[in-house]
Amino acid sequence: MGYITFAKTEPHLFSMLFMCDQSRDQRERMERQLQPIIELIARQLGMSADTTTAFHMHMWIHVHGIASMIVTRYLDWDEQHIVDTLSVEFHALSASIANQQGSGGVQ
C-alpha cells in the first residue's frame with residue numbers, strides 16, 4: 001500500500017524513480033537486495049526460494065501495475081478498492097501455489 005500511496009501522492013517522483021529504463025546492473029543489484037527478504041519469507045512460510053520469488057514477482061507486477069495506472073490516471077481508485085483488489089490477488093496467488101504444491105510442484 002505504501003508504494004501505491006507514494007504513486008498517488010508523488011506521481012512525478014514515482015515516475016522518475018520507477019517508470020524509467022533499468023540497466024542490467026540496476027536489476028541485478030535489486031535482485032541481490034531482495035534475496036534476504038525472499039529467504040526470510042520462504043523460511044516463515046515453509047516455501048522454496050523459487051516459489052517465494054515467483055509469488056513476490058506476481059504480487060509486485062500487480063502492485064506496480066496499479067501504481068503505474070494511477071500515476072498515468074488510467075485508474076482513480078480509493079484506498080479501500082485498492083486494498084480489496086490486492087487482497088483478492090494475494091488470496092488467489094496463495095491458493096494457486098497451494099494447489100500447485102499439492103499436485104506435485106510449482107511452475
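I started with the largest pocket, which holds about 600 Å³ of space. Of its 17 lining residues, Met30, Glu31, His56, Met57 and Trp60 are the closest to its centre. My pocket rule, on a 1 Å grid over the protein atoms alone, is an open set of points where a 1.4 Å probe fits, with protein on both sides within 12 Å along at least five of seven lines; lining residues have an atom within 4 Å of a point. Volume here is the space filled by probe spheres set on the points, which are joined across faces, edges and corners.

A note on the source: this is a predicted model, where local features need pLDDT of at least 70 and side-chain atom pairs pLDDT 80 or more, while totals for chains, interfaces and linings use all residues. Residues are numbered from 1 along each chain as its sequence is written, and side-chain values use heavy atoms, leaving out hydrogens and water.

I take helices as DSSP runs (H or I, at least four residues), numbered from the N terminus. By class, I noted nine nonpolar, six polar and two charged residues in the lining, with Ala, Val, Leu, Ile, Met, Phe, Trp, Tyr, Cys and Pro as nonpolar, Asp, Glu, Lys and Arg as charged, and the others, Gly among them, as polar.

I then turned to the second largest pocket, with a volume of about 180 Å³. Its lining includes Pro11, His12, Ser15 and Trp77, and helix 2 gives the most, with three residues.

**Aromatic pairs**

My search of the whole structure gave seven aromatic pairs (ring centres within 6.5 Å, Trp by its six-membered ring; planes under 30 degrees apart are stacked, over 60 edge-to-face, the rest tilted). Phe14 and Phe18 make a tilted pair, 5.2 Å centre to centre with 50° between the planes. They are four residues apart in helix 2, so about one helical turn separates them. Phe14 is buried at 0% relative accessible area, while Phe18 is partly exposed at 34%; buried is under 20%, exposed over 50%, partly exposed in between (1.4 Å probe, protein chains only).

I also logged Phe55 and Phe90, an edge-to-face pair at 5.5 Å centre to centre and 85° between the planes. Phe55 sits in helix 4 and Phe90 in helix 5 (residues 79-102), so this pair ties together parts 35 residues apart in sequence.

Last entry: Tyr3, Phe6, Phe14, Phe18 and Trp60 form one aromatic cluster.

Key
Helices (H or I, at least four residues) and strands (E, at least two) are DSSP runs, numbered from the N terminus.
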